[in-house]
Amino acid sequence: MPFRACFLYIRSMSTHAALKEAFEQAGQGHVFRFWDRLIEEEREALCAQAAQIDLSEIDRLVKELVFGDDAHGIDLSDLEPAPFIPLPQNGGNDAEWSKARQLGEEALQAGRVAAFVVAGGQGTRLGFDGPKGTYPVTPVRKHSLFQVFAEKIKAASDRYGKTIPWFIMTSNLNYEPTVRFFEQHAYFGLDEDSVHFFQQGLMPAVDYDGKILLETPGRIAMTPDGHGGALRALVRSGAVAKMEESGIDVLSYFQVDNPLVKCIDPAFIGFHLQANSEMSSKMLPKRHSKEKLGHFCIQRDKTVIVEYSDMPDELAEATDENGTLRYLAGSIAIHTMSRDFIKRMGGNDTATSLPFHRADKKILTVTDEGHPMQPESPNGVKFEMFVFDALPFAKQPVILETAREDDFSPVKNAEGADSPQTCKEDQLREFTRWLKAAGVEIETDGTGLPAVTFEISPLFADSETTFVDAWSKLANPPAISEGLVIE
């Protein structure tokens with residue numbers, strides 16, 4: 001064996017031995033119990049996984065979330081409804097909204113803003129084989145979620161005269177298909193250098209004895225660390241460093257399943273900047289007490305979100321003297337965050353990092369003999385973070401009301417609520433409202449759904465205001481007919 005190859009082999013063996021010893025000392029040596037039956041490539045892959053695991057963090061999480069007092073339950077003491085800034089049509093101040101919008105536009109013109117989408121999910125629940133962002137969602141062209149967002153970002157970049165960078169967090173599973181999809185579609189007209197992909201972090205799953213589970217004899221059962229892991233991933237991937245280099249200090253956060261979202265909302269950005277907020281959030285008035293949206297609350301002077309499943313009925317159903325829900329403000333996972341806040345929260349300081357939560361799951365693992373085993377009931381714990389857990393750490397958090405019909409129609413389920421059909425209809429209702437605002441007569445049913453299916457590209461207009469302006473400039477505006485695309 002040549003000297004260099006021999007040296008690398010010995011160094012590799014030394015690294016393997018050190019890893020195995022570290023896991024043994026941490027009480028996790030069983031991870032390597034099938035070592036002797038693995039081929040070299042499998043050993044390298046197992047060690048590459050093992051080297052990513054912070055054993056001290058796993059030890060702490062096992063003590064706290066598997067065995068400790070924090071294993072179950074949530075602190076619901078001292079809760080009060082969180083205040084929010086209402087829309088002008090619901091009592092908000094028109095002048096304040098106008099001022100905020102101008103401030104946000106100035107930040108966009110100065111190149112201070114980037115977009116960020118959390119896109120680690122697959123389309124499994126939709127019966128779709130591929131990253132959820134590649135799912136076709138528009139009414140006529142059947143363009144993907146990614147294309148809708150890309151065109152909205154391009155439209156805003158063109159309007160404000162500055163390229164708006166786009167950061168996209170994938171999972172390890174869909175990273176390559178996502179990048180390939182963008183390449184196949186020429187980045188939907190965006191500058192390739194302005195689109196930045198990175199992967200979500202992974203955490204090992206453990207059994208109820210706190211032992212790290214193996215998915216196969218040579219592979220650890222690793223699972224995504226939750227959407228809250230986005231903050232760590234932004235830091236660890238170098239995305240925050242890129243923002244610093246480019247003078248970006250504001251990040252517009254949204255999730256991949258909501259094509260109605262205002263990816264770039266100058267009023268929201270302006271309210272965030274005006275308050276010197278570190279993290280701001282949009283809210284919707286809940287339709288009813290059981291709607292599956294988290295509740296914005298104040299708890300001992302901190303803004304928190306209590307998940308709908310954790311909220312006691314007596315609080316969720318409580319009303320004021322007008323019969324309005326007291327805990328009205330529902331969370332829709334749309335945020336604006338300051339770069340330095342992300343840097344602080346995504347760093348290594350445990351005092352300012354997001355807490356992990358336990359999730360009891362059925363985890364594919366192996367028997368003592370190394371055979372695959374698919375459990376019929378939960379057999380272990382996954383550790384995950386929620387991005388909204390950053391709110392209690394944020395200075396001057398702002399909660400801003402938004403209109404459901406303008407900002408929120410997620411695609412989550414194959415049928416029923418929050419499905420491709422309801423999202424298609426909500427897009428059509430939005431397009432129809434824009435046309436009516438421009439003075440166009442169009443037939444609709446009692447819910448505002450038009451009699452014909454048509455589509456407005458974000459490159460033509462991405463809001464009612466921009467549509468009315470663009471429509472007024474058409475010399476020969478088209479008749480609204482079945483299958484029309486306005487672009």
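Visitor: On what conventions do the values rest, and how many helices and strands does the secondary structure have?
Guide: This is a predicted model, in which local features need pLDDT of at least 70 and side-chain atom pairs count only at pLDDT 80 or more, while totals for chains, interfaces and linings use all residues. Residues are numbered from 1 along each chain as its sequence is written, and side-chain values use heavy atoms, with hydrogens and water left out. Helices (DSSP H or I runs, at least four residues) and strands (E runs, at least two) are numbered from the N terminus. The secondary structure comes to 14 helices and 20 strands.

Visitor: What radius of gyration does the protein have?
Guide: The radius of gyration is taken over C-alpha atoms, and the globule rule is 2.2 Å times the number of residues to the power 0.38. Along the principal axes, the C-alpha trace spans about 75 × 60 × 45 Å. Because the protein has 487 residues, a compact globule would have a radius near 23 Å, which agrees with the value for the protein, 25 Å.

Visitor: What percentage of the residues is buried?
Guide: Buried means under 20% relative accessible area, exposed over 50%, and partly exposed in between (1.4 Å probe, protein chains only). By this criterion, the buried share of the 487 residues is 51%.

Visitor: What share of the contacts with a separation of 6 or more links residues 24 or more positions apart?
Guide: Contact means heavy atoms within 4.5 Å. Phenylalanine 383, leaving aside neighbours within four places in sequence, is in contact with residues including Leu61, Met203 and Phe356. For the protein, the share from residues 24 or more positions apart is 73%.

Visitor: How far apart in space are leucine 87 and leucine 400, C-alpha to C-alpha?
Guide: Leucine 87 lies in the loop between strand S1 (79-81) and helix H4 (94-109), and it counts as buried because its relative accessibility is 11%. Not counting residues up to four places away in sequence, leucine 87 touches Gly92, Trp97, Glu401, Thr402 and Ala403. Leucine 87 and leucine 400 are 313 residues apart in sequence, and their separation in space is 7.9 Å.

Visitor: Is glutamine 28 buried or exposed?
Guide: Glutamine 28 lies in the loop between helix H1 (3-25) and helix H2 (40-51). Beyond residues up to four places away in sequence, glutamine 28 touches Phe23, Leu55, Ile58, Gly210, Lys211 and Ile212. Since its relative accessibility is 6%, glutamine 28 counts as buried.

Visitor: Is asparagine 276 buried or exposed?
Guide: Asparagine 276 is found in the loop between helix H9 (266-274) and strand S10 (279-285). Although not a glycine, asparagine 276 has a positive phi of about 55°. Because its relative accessibility is 63%, asparagine 276 counts as exposed.
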